[in-house]
Amino acid sequence: MVWLLTYYVEGILFGCFAMKFYDLVDYILNIILPENLNCFLCDLPISKNNSYSICKGCFCKLSYIGDGCRICGKPIKSDNSEYLSGFSDDREYDEIQQGCDFCRKKSFLFDKNISILEYNEASSKIVFKYKYGKKTFLARVISDMMCDILDKKHSDVLTNADFVTFVPLSKVRMKERGFNQSEKLAKYICERYSLEAVELIKRVKNTKKLYGLNSSDRKKVLRSAFEINPEYRNRLNGKKVIIIDDIFTSGSTINEISKILRLNGVFEIVSITFLTGEYKK
Ligand SMILES: [Zn+2]
Ligand SMILES: [Zn+2]
């Protein structure tokens, strides 16, 4: 009689536990592999096979940079290409090779910048949600988008690099945001190519936000903002360095970092950034 009671109690207990356990497994699986996800830009449902968690409508609003300027990576567009389509090829070719109107008269200290998408309403929303919306999972999405284009168009740029680094964040900003958006992107990008993202540069000054400042004001703000990480001081001579960042605007930040790297003997500097805006005269 007693064994029969024990049997029933155990059965009930096991049943409860089993149910709860499988519910829990289901719950966890749903988080890891949800059947239906939503587009992180407009919230429309999308299938879980969607590679960047963006719906087709939002993806169509993104503009990949086809032929970027060879130096600054900004999209090359003729103002009158609509009317002069037959004549614009030479000028576009010249801009790709010699530098565009934006960078031709500038003396950048880096060799080139490669950007993936044009800065527009949709693409800037991705970065905004990532940086300020605490959606850190977007680091994976953004870095995947970057790597897919690097694989297609610049397959050797990372594999030939000696060091991959990122734009450092000030302590104040790090406290506010909780993470360095460039470092996270660099880590995911490096993961894909079995490389290591290292902190070559330290930010020694808490600079104010550069948004809305013109190029010369940006330069002033950034002056003496960075220093070489002493750990790498004697290891950079003749090396190729990649700098990862989210947005290339005037190039001031990458240029200031490049100055420090050049002073420490770096031979080649390429920046890889997710967005850059079209140069408007
Ligand atoms: Zn959408
Ligand atoms: Zn240019």
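This is a predicted model: local features need pLDDT of at least 70, side-chain atom pairs count only at pLDDT 80 or more; totals for chains, interfaces and linings use all residues.
**Exercise 1.** Are α4 and α5 parallel, antiparallel, perpendicular or oblique to each other?

Residues are numbered from 1 along each chain as its sequence is written, and chains are lettered from A and ligands numbered from 1 in the order in which they are written.

*Solution.* 
- Find helix α4 at residues 121-132 and helix α5 at residues 138-153. Helices (H or I, at least four residues) and strands (E, at least two) are DSSP runs, numbered from the N terminus.
- Their axes come within 9 Å and cross at roughly 140°. Axes are lines fitted to C-alpha atoms, for helices over the stretch in contact, and angles run from 0 to 180 degrees between N-to-C directions.
- Now classify the angle: under 35 degrees is roughly parallel, over 145 roughly antiparallel, 65 to 115 roughly perpendicular, and the rest oblique. The two helices, α4 and α5, are therefore oblique to each other.
- For the contact (C-beta atoms, placed from the backbone, within 7 Å), look at Ile126, Lys129 and Tyr130 of α4 and at Leu138, Ala139 and Ile142 of α5.

**Exercise 2.** In what order do the four strands of the open sheet lie?

*Solution.* 
- The order is β3-β8-β7-β4, with parallel pairing. Two strands pair if DSSP finds at least two bridges between them.
- At the edges are β3 (112-118) and β4 (163-166), each pairing on one side only.
- Trace the bridges next: β3 and β8 are joined by six, and Leu117 stands opposite Leu275 in β8.
- Eight bridges link β7 (residues 240-248) with β8 (residues 268-276); here Lys240 has Glu268 as its bridge partner.
- Finally, check the cover on β3: seven of its seven residues are buried. Buried means 20 or more other C-beta atoms within 10 Å of a residue's own, exposed means 12 or fewer, and partly exposed is in between, with C-beta atoms placed from the backbone.

Note on methods. Two residues are in contact if their C-beta atoms, placed from the backbone, lie within 7 Å.
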